[in-house]
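User: I'd like to learn how to read ring contacts, sheets and cores in a model. Can you take me through them?

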Amino acid sequence: MKSTKAKAAFLEAAKLTGKLMTLAGCFLAVNSAQAHISYSGRDFGSYSGLTNGTLTITNQAVTGNYGWADAADGVLGDSHRGRAFRFHLDNPAYVSVIVAANPNATTNSLGGFTPAFSIYSGLAAIAPFPASQTTNPPSADHDFSAASVAWRIWWVQQNLNPAATDETATDGSWNALGDWKIGGDGDLPGDFSQLSTFIYKGSAASTTSGGSVTGSLALRAGDYTIFVGGNNIANKTSDTALSPHGISVTLSVSPTPAVSIAAKVFVALPTGSTTNWVLESASSLTSTNWSGLGYAPITVDGQRGVLLDSGTAAQFFRLRSNP
């Protein structure tokens, strides 16, 4: 009798364990899906580029405080340790991004974030996803899809070890200081044309815990991704390596400057940007010796700019951003 009861108890425990394991598998699947690249709640929207515009998103967090630094060390990093934001420009524009630590971003986010970010031309896959090219259903992009792993192996062979047969030299697909690709479960491994492509445009990084960082770029019309991550590589092995760190991200868009020629040369400065552009001149376009003119801005027909004497010797002009 005791043997029969013990056997029954064991079988019941096994059934319960099986249910718990199945339930745990469900949680793992959900967590994996949430970790794929998305822009949910992180879309700055579209801007004409012809007028000023700004928006701040304050309710986001980044897992860990080291992701950007890990992706900027010459070996690909894990995109799960960054947060992706998106925006669109209808016309060329001057774009500024500010990323700051924000301990109150979420109910459980930590302070002390060391902010850094990179800006890329291009977007990750957005639902509804293209039809699958494999037996797997299509999904959002992530570092560990078969298609992403195939690209990571190729990257290792091109940049680290030509004889490599696996991707283990990398932590993921993210390149904080260069171009990179990533795919979803439905993308065909080895066909890199199916992957999402990120073309590096620029970056900025702080070394101050709990601080902020600002970066500005002149960008063409198109879709862009901002990848935000931490710049504290020591956090990779700390107790908070997997903890949410709160952030605030601000995007500002303003028109690019223009040069107009009349009876005199008038260099027009974009509205709202009269102090961060330096007018320089040189005797040729290929010159390496551009010098500042030092003219004080004036207003002509409501437009701020610099008026130059057309009787001076022939020269070329450029506006240089001085953030």
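User: Which ring does the charged end of arginine 86 sit over?
Analyst: The rule: NZ of Lys or CZ of Arg must be within 6 Å of the ring centre and within 35 degrees of the ring normal. Here the charged end of arginine 86 lies over the ring of tyrosine 39, 5.8 Å from its centre. Note that this is a predicted model: local features need pLDDT of at least 70, side-chain atom pairs pLDDT 80 or more, while totals for chains, interfaces and linings use all residues. Residues are numbered from 1 along each chain as its sequence is written, and side-chain values use heavy atoms, with hydrogens and water left out.

User: How many aromatic pairs are there?
Analyst: A pair of aromatic rings is described by the distance of the centres and the angle of the planes. Rings of Phe, Tyr and Trp (its six-membered ring) pair if their centres lie within 6.5 Å; planes under 30 degrees apart are stacked, over 60 edge-to-face, the rest tilted. That rule gives eleven aromatic pairs. Tryptophan 174 and phenylalanine 227 have ring centres 5.0 Å apart and planes at 45°, so this pair is tilted. The two residues are 53 apart in the chain: tryptophan 174 is in the loop between α3 (146-159) and β6, phenylalanine 227 in β9 (residues 222-230). Helices (H or I, at least four residues) and strands (E, at least two) are DSSP runs, numbered from the N terminus.

User: Why is the pair of phenylalanine 198 and phenylalanine 227 edge-to-face?
Analyst: Their planes stand at 90°, with centres 6.3 Å apart, so the pair counts as edge-to-face. Both residues are buried (under 20% relative accessible area, 1.4 Å probe, protein chains only; exposed is over 50%, partly exposed in between).

User: In what order do the strands of the open sheet run?
Analyst: Strands of a sheet pair through backbone hydrogen bonds, either parallel or antiparallel. Pairing requires at least two DSSP bridges between two strands. Six strands here run β1-β3-β9-β5-β7-β6, with mixed pairing. β6 pairs with β7 (residues 196-205) in the antiparallel sense, over three bridges. Tryptophan 180 stands opposite phenylalanine 198 there.

User: Which residues touch the most other members of the largest nonpolar core?
Analyst: A nonpolar core is a set of buried Ala, Val, Leu, Ile, Met, Phe, Trp, Tyr and Cys residues joined through side-chain atoms within 4.5 Å. The largest has 25 residues, and Ile226 and Val228 touch the most other members. β4 (93-101) gives the most, five residues. Apart from this core lies another of 22 residues, including Leu123 and Ile182.
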